[in-house]
Amino acid sequence: MRKNSTEKIAGILVSMLALAFLLSGCTSWHPDWDRSIYPVAEADAARRLEKADRLSLTAGSRPELLAAIAAYESVLETDAANYTALTNLGHMYILLGAAYTKDRSEKIRHYQTARRYNEWAMYTHPEFQARMDGGEKPWEACEVLTPQEVPPMFYWVTAVMYHFKEGMSLPEKVVNAKWIEWCGIFLHRIEAIDPDWGGGGVQFSLALYYGILPKSMGGDRKRSDAYLARSIEIGPDWLINRWGRAKYFHVRDRNKLEFEKDLQWVLDQDVDRAGGDYAWKVYFQRDAREMLAAVDQHF
C-alpha cells in the first residue's frame with residue numbers, strides 16, 4: 001500500500017516538475033515536513049531565541065535582517081520545532097525578498113523559503129500534523145488550526161501573494177490562479193477565529209484576494225473595497241493598510257491625490273508608536289518615500 005502511494009506521489013511530482021520546466025517560474029507545492037533531524041537542547045535553544053528576538057527588534061536594514069534570520073535559524077539547530085523561530089523566519093524571508101532583493105529568481109527563493117517555514121510552524125499543531133501526514137494539503141488541513149497558528153497562516157498567504165505578484169509572468173499567474181484561491185481558504189479561517197489579528201492585515205489581504213481573483217473564480221470589487229475600508233477601521237495606526245492602499249489600490253484606480261495623501265501619512269507616523277513589526281514598519285516608510293519621489297512613474 002505504501003509503495004503504491006509512494007509511486008503515485010512520485011508520478012505527481014514528476015508531472016508538477018515538468019509543468020514547472022515548461023512554465024519557468026510556475027510554482028508547485030512540495031511538502032517538507034521532516035524537522036526531526038536536529039537534537040533538542042531546550043536550554044541552548046532558549047538562549048539562542050533570546051538573542052534572535054533581540055536582534056529582530058532593530059532589524060531595519062538588510063545586514064540587520066540577515067543577522068536576525070541567521071539567529072533564528074540557529075535556534076532550529078537545537079530545537080527544530082521551535083514555533084517562535086519558525087514563525088519569525090516565515091515573515092522575515094518575505095521581507096528579505098520584498099524589501100532587500102532585486103533579482104526575480106532570488107525573490108522567488110525567499111518567498112518559497114518563507115512559505116515552507118510557515119508550513120513547518122503550522123505543522124507543530126498535532127491535529128494539523130496528523131492530517132498532513134494523512135495526505136492533506138495545508139489549505140485542506142487548516143480548518144483545525146487555532147488562534148495560536150494565525151501568524152504562520154497569515155504569513156503563508158503573504159508569501160504566496162508576493163510570489164504571485166513579483167515572481168510570475170502573466171501566463172504563469174493564469175496557470176497558478178488556484179494558489180490565490182487557497183490563500184482565501186486560509187484568510188477566511190483566520191477571519192473566523194481571530195479577525196482583528198494584525199491590525200487590519202487580515203482584511204487588507206482579503207481586499208487583495210477579492211481584487212486579484214477574476215469574477216469567474218469569486219473576485220468581487222465591492223467586497224474588496226469593503227474589506228479595504230474595514231482594514232483601516234481595525235488598524236488606524238498600522239502602516240500596512242494605508243501603505244498598501246496607496247501601492248495597490250490607488251495606483252489601480254489612477255488616484256494620484258489619494259496615493260500621495262496615504263503615503264505622506266505613512267511617512268508622518270512615529271515608527272516606534274505605529275502598530276506592527278519594527279522591520280516591516282521601516283520598510284513601509286522607506287518604500288513610501290521612494291514611491292513619492294517617483295510618483296509619476298506610478299501614474
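The legends below describe an overview and several close-up views of one predicted protein model.

In this predicted model, local features are described only where pLDDT is at least 70 and side-chain atom pairs only at pLDDT 80 or more, while totals for chains, interfaces and linings use all residues. Residues are numbered from 1 along each chain as its sequence is written, and side-chain values use heavy atoms, with hydrogens and water left out.

**View 1**
Helices (DSSP runs of H or I, at least four residues) and strands (runs of E, at least two) are numbered from the N terminus. Of the 299 residues, 48% count as buried, where buried means under 20% relative accessible area, exposed means over 50% and partly exposed lies in between, with a 1.4 Å probe and protein chains only. Contact means heavy atoms within 4.5 Å, and among contacts between residues at least 6 apart in sequence, 67% join residues at least 24 apart.

**View 1. Helix α4 covers residues 83-100, and Asn-82 caps its N-terminal end.**
The 18 residues of α4 reach 25 Å from the first C-alpha to the last, close to the 26 Å expected at 1.5 Å a residue; the expected span is 1.5 Å times one less than the number of residues. Helix α4 is mostly covered, with 17 of its 18 residues buried. Asn-82 itself lies in the loop between α3 (62-76) and α4, and at 10% relative accessibility it counts as buried. In the cap, a side-chain oxygen of Asn-82 lies 3.2 Å from the backbone nitrogen of Thr-84, and the side chain of Asn-82 also reaches the backbone nitrogen of Ala-85 at 3.0 Å. Such a polar contact is a pair of N or O atoms within 3.5 Å; within protein, one must be able to donate a hydrogen and the other to accept it, and residues adjacent in sequence count only if both atoms are side-chain atoms. Leaving aside neighbours within four places in sequence, Asn-82 is in contact with Leu-49, Val-75 and Leu-76. Asn-82 and Leu-49 are 33 residues apart in sequence, and their C-alpha atoms are 9.1 Å apart in space.

**View 2. Asn-118 of helix α5 (residues 104-122) has its side chain directed to the backbone of Gly-90.**
Asn-118 is buried, with a relative accessible area of 0%. Its side chain reaches the backbone oxygen of Gly-90 at 3.1 Å. Apart from neighbours within four places in sequence, Asn-118 is in contact with Thr-87, Gly-90, Pro-152, Tyr-155 and Trp-156.

**View 3. Helix α10 (residues 177-193) is covered in part by other helices.**
The 17 residues of α10 should span 24 Å at 1.5 Å a residue, and the end C-alpha atoms are 26 Å apart, which agrees. Its buried residues are Ala-177, Trp-179, Ile-180, Cys-183, Gly-184, Phe-186, Leu-187 and Ile-190. What covers these residues includes α5, α7 (138-141), α8 (150-167), α9 (170-175) and α11.

**View 4. Helix α11 (residues 201-212) packs with helix α13 (residues 239-252).**
The two helices pack at an angle of about 10 degrees, with their axes 10 Å apart; axes are lines fitted to C-alpha atoms, for helices over the stretch in contact, and angles run from 0 to 180 degrees between N-to-C directions. Helices α11 and α13 are therefore roughly parallel to each other, a term for angles under 35 degrees. Gly-201, Phe-204, Ala-207 and Leu-208 of α11 make the contact with Ile-240, Asn-241, Gly-244, Arg-245, Tyr-248 and Phe-249 of α13.

**View 5. Ser-224 lies in helix α12 (residues 221-234).**
At 0% relative accessibility, Ser-224 counts as buried. A polar atom of the Ser-224 side chain lies 2.6 Å from the backbone oxygen of Ala-207. Not counting residues up to four places away in sequence, Ser-224 touches Ala-207, Tyr-210, Gly-211 and Phe-249.

Beyond residues up to four places away in sequence, His-250 touches Arg-245, Asn-255, Glu-258, Phe-259, Asp-262 and Phe-299.

Definitions and conventions:
Angles under 35 degrees count as roughly parallel, over 145 as roughly antiparallel, 65 to 115 as roughly perpendicular and the rest as oblique.
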